[in-house]
Every structure is written in structure tokens, then in C-alpha cells.
Amino acid sequence: MKTQALVNAAVGAPFELIDIELEEPEPNEVLVKMTSAGLCHTDFVIQSGAIPSAFPSIQGHEGAGVIEKVGSAVGDAFKAGDRVLLSFASCTECDACRSSLPTGCASWVEHNFGRRRNKEVQDKAVATSIATGEEIKGSFFGQSSFARHALVQASSCVKISQDVDLETFATFAPLGCGLQTGFGAVINVLRPQPEDSLVITGLGAVGFAALFAASYLKLKTVIVVDLVPSRLELAKELSAHHALDGSNPDLVEEIKRLTNGGADYSIEATGVVPVLRKAWECLRFGGTVVSLGNPGPGFKAPFDIHDMVNTGKAWRGCVEGNSNPPEFIPFLINLYKEGKFPIDRLSKLYPVEEWDKAVEAMKSGEVIKPIVTF
């Protein structure tokens with residue numbers, strides 16, 4: 001079918017809305033008419049070449065839409081007309097997937113960054129450019145949702161009820177990645193107790209979702225760190241106990257003062273190595289830092305084994321909040337309905353024709369989570 005998508009022609013090339021010819025779904029795929037897609041830093045890391053990828057390509061991995069067609073192997077799980085939120089892809093067959101831990105999928109990287117559609121076709125192109133006939137790669141995180149229509153792996157789909165208005169449904173798109181990542185890192189990975197302290201570095205959507213989780217758990221001390229004053233003010237309004245300027249040269253000492261010697265936990269949501277160092281340094285003996293921001297391959301942790309052994313601290317990664325999206329995303333939607341997950345305070349909708357405005361709003365810090373609509 002003929003449709004349109006935002007395509008990167010090559011590393012560093014701009015996102016351009018072009019006419020494409022989309023293939024038919026593979027047996028494990030569905031055709032989705034996209035409603036909206038959130039903008040995430042990872043999409044732009046792919047564009048820059050910091051994370052290797054094939055080009056020309058379609059990015060986008062926080063989608064919302066309506067299924068129009070299902071592949072022959074999808075079965076009864078989905079049907080035309082279902083509203084779906086789109087998350088990461090998984091093989092559905094390995095031990096982790098069968099144990100309801102798809103973030104531990106044995107081929108997670110291949111399916112999400114490697115654009116593997118299935119074992120038979122691997123990363124076969126999903127479309128061709130109508131103007132040039134050039135093949136275009138898709139299936140980024142199983143979806144490539146920066147398009148009016150997308151071929152989506154069924155494993156990426158989470159069916160949701162029809163009882164929300166279309167604008168709210170569009171706003172739910174970032175639940176598929178950034179929002180479940182931040183919230184899940186706190187409640188699924190760190191699992192702090194109410195008397196514990198938590199530091200969050202970076203107030204993008206991931207950092208704010210971690211803040212919502214800390215509020216949900218009623219943690220005793222929650223400290224947020226960022227460079228944008230408006231984000232710090234919003235975080236204080238949304239339950240942060242302390243909001244600190246990340247450029248303060250005495251940041252670590254200030255956190256230690258506020259936590260009586262060091263925080264129990266920290267969430268690092270920027271992917272900036274010197275910030276990770278501060279997230280590590282601000283911890284008490286035996287504290288834990290979780291990295292959610294990803295600078296791309298080749299970077300090393302800014303602390304050594306000697307330091308880890310003698311401080312008893314732990315550093316770990318986290319994929320998509322260690323969540324199982326078909327269970328976790330409906331849980332987050334219910335929290336939103338209860339007023340405990342105010343994602344509407346973070347987002348703004350932009351028609352896809354205003355893509356450049358949405359990108360500028362994200363890069364300037366004006367909008368925490370821009371969402372394009374189709």
C-alpha cells in the first residue's frame with residue numbers, strides 16, 4: 001500500500017516525510033494505522049550514527065495506532081480494529097520470553113536495534129521509496145512508528161480498551177518505551193522501601209516517570225537533578241522533595257547533606273558519562289545506581305573495580321524497566337486514570353507536518369515529551 005513515513009536517507013540526514021510503498025505484513029506482523037508516536041532520544045542517536053543502523057530507515061519506537069490487517073501467524077491475539085500501544089519486540093520463543101520477561105529475550109538486540117522481522121526474512125526492507133525505488137529499512141523496535149502506517153511485530157503490540165478519547169490515546173504513545181522504562185526501573189529493579197532516598201539525574205520523560213514511581217511508593221527523600229529550571233520547578237510541583245541544578249560544582253556534597261551521608265539509590269537517565277559518575281559518587285556505602293540513559297557503544301563506566309569493592313556499591317543496567325508490556329502498560333494506564341501518573345503534564349501533540357517544531361521543542365527543553373500525530 002502507498003503511505004508516508006519520516007525517513008532518514010543516511011547517517012546524519014534529516015527526517016523527511018516521503019511517499020513510500022509498504023509491503024504486506026509478514027506472518028508475525030500486523031499493519032497498523034498510526035495515531036501518534038513519541039519522540040525519544042534513541043531515535044536521534046540512530047540518526048547520528050552513534051548506534052549503528054542500516055539506512056535508509058524509518059525510526060520511531062513509541063507508537064499508538066489501530067490495527068488494519070493481521071499476518072497469517074498472529075492468530076486470535078489481535079484483530080482489525082484493535083487499538084494498540086507499541087513497545088519493544090521479542091522472539092516470544094526463548095526461555096526469558098516464555099517466563100514473561102521479554103526484556104531478557106535472547107535476541108533482544110537483533111529484534112530491536114538489528115531490525116530483525118523474523119528468522120526467515122531477517123531485516124528485510126519494509127518499504128520502497130516511491131520517488132527513487134530505494135529500499136527502506138523498518139522494524140525499529142519491531143515497529144518503526146514514524147509513519148502513517150507501519151508493519152509491526154505482534155510481540156510489540158499491547159491491546160488496550162476503547163474507553164479513552166482519541167487525544168488521550170495519542171498521549172499514551174510514550175508508555176511503550178520511555179515512561180515504562182523510568183517507572184519500571186524504580187518499582188521492578190530497585191524496589192526501594194518508603195524510608196529510602198532516591199536521586200534522579202535527568203528530567204526527560206524517563207526521569208519524570210521514575211519520579212512518578214517514587215511518589216507512588218511514597219519514598220522519604222526524592223532528589224531530582226537537571227539543568228533546565230522549568231523542569232526542576234515542574235518536578236517539585238509533581239512531588240520531588242529537592243530539585244538541584246546539575247551544574248553546581250558542589251552537587252555531590254549537597255546530595256550527601258540532604259541524605260545524611262549519601263543516597264540509597266540513584267537513577268541515571270541522561271546517558272552522559274560525567275553525570276553517571278556523580279550519580280555514583282552521591283551514593284552511601286552499599287548504594288545502587290541504575291543506568292537508563294545510553295550514550296551508545298564504546299563508552300566505559302567512570303569508576304573502577306577497586307572503588308566498587310571498597311564502597312560496596314552496585315551499578316547495573318536496565319532494559320525497558322524490566323517490564324512485561326502487556327501487563328505493565330495497562331497498569332500504568334490505570335495509574336494515569338487514578339491521577340498517579342500525570343503523563344499529560346509532560347507532553348504536547350504536534351501534527352507530523354510540524355515535525356521540525358516538535359524536534360526543536362524537545363532539544364530546547366521546552367517540551368519534555370513531544371508526540372507527533374498522523
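Which residue forms a salt bridge with E24, and how far apart are the closest N and O atoms? Before I answer, please keep in mind that this is a predicted model, in which local features need pLDDT of at least 70 and side-chain atom pairs count only at pLDDT 80 or more, while totals for chains, interfaces and linings use all residues. Residues are numbered from 1 along each chain as its sequence is written, and side-chain values use heavy atoms, with hydrogens and water left out.

The partner of E24 is K69, and their closest N and O atoms lie 3.0 Å apart; by salt bridge I mean a side-chain nitrogen of Lys or Arg within 4 Å of a carboxyl oxygen of Asp or Glu. This pair links distant parts of the chain, since E24 sits in the loop between strand 2 (15-22) and strand 3 whereas K69 belongs to strand 5, 45 residues apart. Helices (H or I, at least four residues) and strands (E, at least two) are DSSP runs, numbered from the N terminus. K69 is partly exposed, with a relative accessible area of 35%, where buried means under 20%, exposed over 50%, and partly exposed in between, using a 1.4 Å probe and protein chains only.

Let me turn to strand 3 itself, residues 29-38, where 9 of the 10 residues are buried, so the strand is largely enclosed by the rest of the structure. Two strands pair if DSSP finds at least two bridges between them. Strand 3 runs antiparallel to strand 9 (residues 149-153), joined to it by 5 bridges, and here V30 stands opposite V152. With strand 5 (residues 63-70) the pairing is again antiparallel, over 7 bridges, and V32 has I67 as its bridge partner. Strand 18 (residues 369-373) pairs with strand 3 in the antiparallel sense over 3 bridges, with S36 facing T373 as its bridge partner.

Now back to the charged side chains, where the count comes to 19 salt bridges. One of them joins E93 and K119, at 3.4 Å from N to O. That pair also links distant parts of the chain, with E93 in the loop between strand 6 (83-86) and helix 2 (95-98), and K119 in the loop between helix 3 (108-112) and strand 7 (127-129), 26 residues apart. E93 is partly exposed at a relative accessible area of 44%, whereas K119 is exposed at 57%. Finally, K340 and E338 meet in a salt bridge at 3.5 Å, N to O, and K340, at 43% relative accessibility, counts as partly exposed.
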